[in-house]
Amino acid sequence: MPRWTPQEHAEIDTVRLRLADLLMDAPPFPEVIGDRKIIRYLRGHDHNIEKVCDLYGKFLRWRKTANVDEIRRNIVERGMDHPLKFPKGELIQSLMPALIIAPDAQDILGSPVVLDQYNFSPQDLLNNFTLEDYILYATYCLEYRQIILEQISEERESAFLSTLTDEEKADIDRLESDKPPYGVIAQSCVIRDLNGVGFEHLSAKGQEIIRAVIALASDNYPELMRKAFMVNTPWIFNTVWFFIKGLLAARTVAKISIMGTTFMDEIEKEIPRENIPALIGGPYIGYQKYVPYAFDKSYLCPWGDESQPSEDTPTQEEVQETSELLIIEEATIVVTSVEESSSTPETPVGDAVVVRSHEQVAVEIDISLITLQTSG
């Protein structure tokens, strides 16, 4: 009974061999260097070893240069255990309410619910906090989501293994076994409420944000999303959806269901009504109060708890420097990905067709739309 398919076991070994130096230099966070992280990259990129090694290697380097490992320590070990405690968390949540992840509200397959809303003015947002503030907050949210999904995966996998008989345990990790793999990869069920999306979301203000965040999610946090519901979609969304699809992996596009205003019946087929957030008309209100997630530090911190601030705890100045590094790193990756594409989309405008480059399209799609990739 193998943990993964024989092909995936071989691919994991190949990735580990090629990136041995980077993996040796990384902290032993299971959601960063464990098998599940590599599996997410493999499945998210059609098992293309060359691409996986390139992106996973960039991810490991990015964590080091952008100080992301300190963000992880702040979340798990230093008490920043809820989005309201993230830098600018209360302010950002008040201006653009969201459910980052709800471990206690799951869909019918056990995927925790995530909800994003877009009924806000991009101009108002940038009047209240900086681009650096938002990128840092978004990184905290992605780290938080990834850690929780890793812990859920481990808990479910361990629960399954505890039910095995001695004979079945003896069969563990035999690749030639005819039994299905037992490895667990937990994912989220995402709802994106597009009520309020309009022309302002495609304005120049969004251009600043898109260059910084488009690769942050898709390149560094693949396969966190099982399913996405796009609800209350306005007519303008249908206009830009053609371009958004071109920026997303085919596997991600296949996960997305686009709905108008009559969406509740369809969502209830996937999410029990009691777990549908009040933000879109359901009864779930767990996100409205501070409830810290109970991180399993025996698993997430096998070297011991560092909950007390140490000499390595970043100062406010270092936090600001981290957010600037995040922007520089991700902007570079976006430019590279744009140059690699040779196709040129066409936008119908009245009876005319305006030909635009992928780079032009990328900088015109606001964060409110492109965050499709946040859990892709």
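**A tour from pocket to helix**

Start by selecting H82, L99, G286, Y287 and K289: of the 22 residues lining the second largest pocket, these lie nearest its centre. A pocket here is an open set of points on a 1 Å grid over the protein atoms alone, where a 1.4 Å probe fits, with protein on both sides within 12 Å along at least five of seven lines; lining residues have an atom within 4 Å of a point. You're looking at a predicted model, where local features need pLDDT of at least 70, side-chain atom pairs count only at pLDDT 80 or more, and totals for chains, interfaces and linings use all residues. Residues are numbered from 1 along each chain as its sequence is written, and side-chain values use heavy atoms, leaving out hydrogens and water.

The second largest pocket holds about 410 Å³ of space. Next, colour strand β1 (residues 98-106), which gives seven residues, the largest share of the lining. Strands are DSSP E runs of at least two residues, helices H or I runs of at least four, numbered from the N terminus.

Now hop to strand β4 (residues 225-231). Six of its seven residues are buried, so β4 is largely enclosed by the rest of the structure. Buried means under 20% relative accessible area, with a 1.4 Å probe and protein chains only. Find I191, whose bridge partner in β4 is F229. Then show A228, which stands opposite I256 in β5.

Last stop: helix α12 (residues 235-247), which bends by about 45° at W241. That bend is the angle between axes fitted to the seven residues ending there and the seven starting there.

How values were computed: Buried means under 20% relative accessible area, exposed over 50%, partly exposed in between (1.4 Å probe, protein chains only). Two strands pair if DSSP finds at least two bridges between them. Grid points are joined across faces, edges and corners, and a volume is the space filled by probe spheres set on the points.
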